[in-house]
Every structure is written in C-alpha cells, then in structure tokens.
Amino acid sequence: MKKQNINKGFFITFEGPEGSGKSTQVKLLAEFLDSEGISYILTREPGGTDFAEKIRGILKDTSLNKVLSLKTEALLFQAARAQHVFEKIKPALKDGKIVICDRYADSSTVYQGEARGLGKKEIEALNYFSTDNLNPDLTILMDIDPETGLSRAHIRENCSLEKDRFEEQGLSFHKKIREAFLRLASEHPSRYRIINASDEVSVIHNKIIHILRDEFKLF
Ligand code: TYD
C-alpha cells in the first residue's frame, strides 16, 4: 500500500519510556501553541476516542488484564489505534491541523514487538494495517537511561491510587525499550529527533520549539 497523501496537517508523535517526562513536554507544547494561536489537537494512545479510551481501561484494569495473552494485548492496542486514526487523527490532518499524539505505533513496535518478543516485523505489519500506513511527520523521542526513568516513574506511581501493570517491569525490560527506540530512531532519521530527557524541563521545551520552528518550519 502506498503512503496516503492525506497529510495536509502535520503529525507529531512523542515516544519514550515511562518516566521520561513525555507528558509534561506534550502539555508545554500545547500551551505554547495556544499562546501562538496555532490550531492543533492533542491526543494519546492507547486512547484518544471514547471507544479507544474504553480499550485503554481494559488494558490498564489489573483485575482483567492478568489473563490477556501477549497477542490479545497487542491486538487491543491495534484496535484502539485503528479507531483513533479513523475517527480522530486522519480527519484532523485533513482539516490541516497539527496533531500531537502522546505515543503511537512505534510504542507497539517497541513494547509488543521487541520487549515482549512478538516480533518487530509482525507488529510493524499490524501497525501498517491499523493505520493505513499513516506515519508521523515528526517523532520526538524522549531518551533517558532506565534507572533515572524508573525512579521518576515510581515517584509518580506512589502518588497515584492504582499501580498499573505497565510500570511493573524490571530494569532489563526498560533497557530493551530504550535500545529498541534508539534503533527505530536510527532507522527513520528524517522523522526522528532524539531529546536528552534528563535535561531541564525548560531546556527540553525550547529544543522542541526549535525543532518545530527552525527545522520543520511549522510556524
Ligand atoms: P501511560 O499511562 O499512557 O504511560 P506513559 O506516560 O508512559 O505513556 O501507559 C501507556 C503504556 O502502554 C506504556 O507503558 C506503554 C504501553 N504501550 C504499549 O505497550 N503499546 C502501545 O502500542 C502503546 C500505545 C502503549
């Protein structure tokens, strides 16, 4: 299938491990675009539509998800993604909007394909099918060493009511995640930008604005 040329807007994804400060940067970017009066939508995976958020609930429900096979889990991420792309991302891009998405298909490649061992090629084929080969124009990878990332995630986790299973993994799992994201970034150098996520929040934010404005001429 050829890449569809529906991309009148601009599609930005944020990727990286837990505790990398992704969500903080997504929020700061949204605030910046608001202040500049630039039209965008902010969304996330798994989730982004009512239906896909229900799937997110299932994936995160510790009373349900214990019985899920790795394949079932992978397909639930894909089902949520297919609906998200169809209902929200593609229409926004067609309208010429900037779409900012906190995680997308590369998370499946890395988490299900590589870290969980289902196979990179297999998951990439599923991504291709679920998204009609809709790829981001730019992916910001928040790169952080696993020890720092994990300790940050644990601080956050202690503040939340329920621990979810995504953060219950050991250090070696998180090392795999980091390596897999860095490998993907080297395979797609034109759309990937790697950010050192252990820098100051404001330094990172400024770097992201620089990438969008000066490299990608987005505004
Ligand atoms: P979330 O609470 O959104 O955490 P984060 O702030 O790290 O994004 O949880 C999303 C989790 O789901 C995260 O551990 C990564 C995982 N995930 C996958 O395993 N596959 C996927 O395709 C996606 C989108 C996320």
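**View 1. Helix H2 passes helix H3 in a left-handed crossing.** A crossing is left-handed if the near helix is turned anticlockwise from the far one by less than a right angle, and right-handed if clockwise. The model is predicted, so local features need pLDDT of at least 70 and side-chain atom pairs count only at pLDDT 80 or more, while totals for chains, interfaces and linings use all residues. Residues are numbered from 1 along each chain as its sequence is written, and side-chain values use heavy atoms, with hydrogens and water left out. H2 covers residues 50-60; helices (H or I, at least four residues) and strands (E, at least two) are DSSP runs, numbered from the N terminus. On the H2 side the contact (heavy atoms within 4.5 Å) is made by Phe51, Ala52, Ile55, Ile58 and Leu59. On the H3 side, Glu73, Leu76, Phe77, Ala79, Ala80 and Gln83 take part. The residues of this contact divide into 9 nonpolar, 1 polar and 1 charged (Ala, Val, Leu, Ile, Met, Phe, Trp, Tyr, Cys and Pro count as nonpolar, Asp, Glu, Lys and Arg as charged, and the others, Gly among them, as polar).

**View 2. Helix H3 also meets helix H5, in a right-handed crossing.** The axes of H3 (residues 70-94) and H5 come within 8 Å and cross at roughly 30 degrees. H3 is therefore roughly parallel to H5. From H3, the residues in contact are Ala74, Leu75, Gln78, Arg81, Ala82, Val85 and Lys90. They meet Ile123, Leu126, Asn127, Ser130 and Thr131 in H5. The contact of H3 with H5 divides into 6 nonpolar, 4 polar and 2 charged residues.

**View 3. The second largest pocket has a volume of about 190 Å³.** Of its 14 lining residues, Asp106, Glu124, Asn127, Asn135 and Arg191 are the closest to its centre. Helix H4 (105-115) and helix H5 (120-131) are the elements that give two or more residues to the lining. The largest share, 4 residues, comes from H5. The lining divides into 5 nonpolar, 6 polar and 3 charged residues. On a 1 Å grid over the protein atoms alone, a pocket is an open set of points with protein on both sides within 12 Å along at least five of seven lines; a cavity is a set where a 1.4 Å probe fits but cannot get out, and lining residues have an atom within 4 Å of a point. Points are joined across faces, edges and corners, and a volume is the space filled by probe spheres set on them.

**View 4. The structure holds 1 cavity of 30 Å³ or more.** The volume of the largest cavity is about 40 Å³. Its lining is made up of Pro17, Glu18, Ile144, Asp145, Pro146, Gly149, Leu150 and His174. Helix H6 (residues 146-159) gives the most to this lining, with 3 residues. By type, the lining residues of the largest cavity are 4 nonpolar, 2 polar and 2 charged.

**View 5. The peptide bond from Glu45 to Pro46 is cis.** Omega of this bond is near -10 degrees. Pro46 sits in the loop between strand S2 (40-44) and H2.

**View 6. Asp132 has a positive phi in a residue other than glycine.** The value is near 55 degrees. Asp132 belongs to the loop between H5 and strand S4 (138-143).

Terms used: Axes fitted to C-alpha atoms, helices over the stretch in contact; angles between N-to-C directions. Parallel < 35°, antiparallel > 145°, perpendicular 65-115°, else oblique.
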